[in-house]
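Please keep the sequence and the model open while reading.

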Amino acid sequence: MENPSDNVMGRTDEIPASMRVASSVLEPITISQTTCKFVLESKGILSRDTCLQFQLLGSSQFLPIGSGIYSLIKTATLRAGATRICEMPQLAFYRSMTHAYDTPSYRLNYTRLQKGINTTVANTPVSPGIVGDTNPFAGRFQPAGASVGSDPVVTNLSPDIEITNSAATSPVFTIYLRELFPILDSIELPLFLMKDEVAIDLTFNVQTTAADGAGPNTNGSLACSPAVAGADVQNTCRLNTESVLMYVDTIYYANERMELVDEAVNDSRGMSLLYTDVMTNVANVGQLDSTKVGADDTTFSKGSFTHIIPVSGFAVKNILWCYNTANRTSASSSPASGAGVITQTPTFYNGFFGKYAMSATVKPDTWNIRVNDQLLFPEFISNPSYKAQEAGYVYGSPVNLNQALYSFNATAQKSGAFLANANTQLFGDYVANQYELWGGLNGIQDLTGQQHFVGVNLSTMYGDSNDDTTLINQKPIEVIHQTFPVNSTTNFNYNAFYYVEHTKRFSLLGGAVRLQNGPGLPKAI
C-alpha cells in the first residue's frame, strides 16, 4: 500500500519502514535438572517477545499459586562474553509482586494458564455431593479454577493446572525473556552488532525429596501437593528437560534502519540507551524469644530496626520488598472423619504458595524510608490501604489483589491479636464429609495475608519511566521498620527480600558491551 506521507511535500519518509520477523526454535547447549544454557546467534535484533518453554512432571501437584512457573528459576543471567548484562536471583518473589498488577481477568484467563499464577479468587460453589446444598463454605473465596467433583471432601485439581507424571498430560508453561531480563522491556538487543557470544544461563530450583525439612530441595520448592483428609501430601517434582525450548523472534529492518540502530548504541559517538535493571538485597528480621511471646490473643512487636540498601551512585526508580517466613512451621490440627486429629507440620512450606509466600504481619507493620538523608514520608506508614496505594504508584496501576490475600485486615478481629473471625475466613478449616478445596488445605492459614508486599516509587512523576529517577548520593537508602508485630503462631525468622529497580546505560564500542550505572557523564573533548 502506498504510504500517504509520500504525497505530502516535506514529509516524505527517506527510510522505508520495512521489517520482517524470523522465528526459530533454539535448544539449550547444556541442560540438566539444575542448570541450562542457551547461546544466541549474532544476527538481527532479539525481539522482546522471545520466550522459553518449561514443563514439570510430578504426581498430582500444582504450581505455587503466587509465583507459578517462576518457582523453577533460581537465577537467570544474561551475558555478552564476560560482561554480565543482567542477572535476576530470587525471581519467584519479584514476579509474584509484578504480576499482582495484572487485572483479575488477565490473571484468570492468561497468567493462570501461561504462568501457573492463580491468585484470582472466586466465590466457592456449592458441592454437588452435599444433599440440600448445605455447604457452609459456599460464597467464601477460593483460588479460581477449582474443579468441583461429586465427592464432597476431595476437590479435583483442574486439568489446566494439574502437574502429572506424563509429558502428554502435564501442562506446559511459558516465560518471556523480558520477564527474566528487564533490559528487554526497554532495548531489543542488536545481536548483529555484538561481537561477543550472547548467552543465557539458568539455574533451577529442585524438589528431590518427599519429606519436608530445612533443606532447599524439599516440598514447595517447585510445586505443592493437595491435602488428603486434612494432611499434606509431600511429593517429588522434576523438570522435563526434553521440553525446554526457546522460541526466538529475530527482527530485521531495512539497511538504513539498521544503521540507525547502530548509531543509537555507538559508544564512540557518545550514544547509549537507558534500560531498567534490578538489584536484589536480602535482610533478616529475627525471631523473638518464644518465652516472651505469649498466647495467640496477644501481639508483640520486634521493635525498631533498619535495613540498609547499598545503591549509592545509582539512579533509582522503584523499591519493592516482601517478607518470607524462613522457618515457617504450620501446626494446625483439623478433625478428620475416623482419624481423630491430624497435625500439619510442613516446615518451610505453605500449602498454597509453597516456599514463596509473601507474608503480612498479624497486625500491620510500620515503616518509613530515608533517601538522600531525608525521610520520604512525613509519618510512618502502617495502614494496609496506604501501602497498597503507594505500591500503585510504582507502575501507575493499582495492586489488583483481593484484600484478604494482601493483609489480615479484612479477616481479623480488631482487638487483641488479629485472630481470624469464622465468618470472614477466605476458606474454612477441614470438616469431615464437607466440601474442601483440593482435599483439605487450610485456607485461612495458608491463603490470608500471603500476597503482601510493599512498593515505593522514587520517581518525581506518576508511573514508571527510565527518564524519571532519583540519584542516590553517598549515603545508602535506609528502610526503617518501627514495629513488626507477631504472636505465638507467627513468631518466625523472616527474610526481607528487597528489589531495587534502577536505570543503567547500554552502549557498544567496537561490538563490545559497555554498561554504566547512574547518569551519563560528558566525554572529554
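In this predicted model, a salt bridge joins the side chains of Lys387 and Asp365, with 2.7 Å from N to O. A salt bridge here is a side-chain nitrogen of Lys or Arg within 4 Å of a carboxyl oxygen of Asp or Glu. Side chains of opposite charge can pair when their charged atoms come close.

**Lys387 and Asp365**

- The pair links distant parts of the chain, with Lys387 in helix α6 (residues 384-395) and Asp365 in the loop between β21 (340-343) and β22 (366-371), 22 residues apart.
- Helices (H or I, at least four residues) and strands (E, at least two) are DSSP runs, numbered from the N terminus.
- Lys387 is buried because its relative accessible area is 1%, and Asp365 counts as buried at 1% as well.
- Buried means under 20% relative accessible area, exposed over 50%, and partly exposed in between (1.4 Å probe, protein chains only).

**Asp267 and Arg514**

- Asp267 sits in the loop between α5 (255-264) and β16 (273-285) and Arg514 in strand β29 (residues 512-517), so the bridge ties together parts 247 residues apart in sequence.
- Asp267 counts as buried at 11% relative accessibility, whereas Arg514 counts as partly exposed at 42%.

**Lys115 and Glu179**

- Lys115 and Glu179 are both buried.

- Ile472 lies in the loop between β25 (470-471) and β26 (477-483).
- Ile472 counts as buried because its relative accessibility is 1%.
- Apart from neighbours within four places in sequence, Ile472 is in contact (heavy atoms within 4.5 Å) with Val311, Ser312, Gly313, Phe314, Val316, Val371, Asn372 and Ile477.
- Ile472 and Asp373 are 99 residues apart in sequence, and their C-alpha atoms are 9.7 Å apart in space.

**Basis of the values**

- Residues are numbered from 1 along each chain as its sequence is written, and side-chain values use heavy atoms, with hydrogens and water left out.
- Local features need pLDDT of at least 70 and side-chain atom pairs count only at pLDDT 80 or more, while totals for chains, interfaces and linings use all residues.
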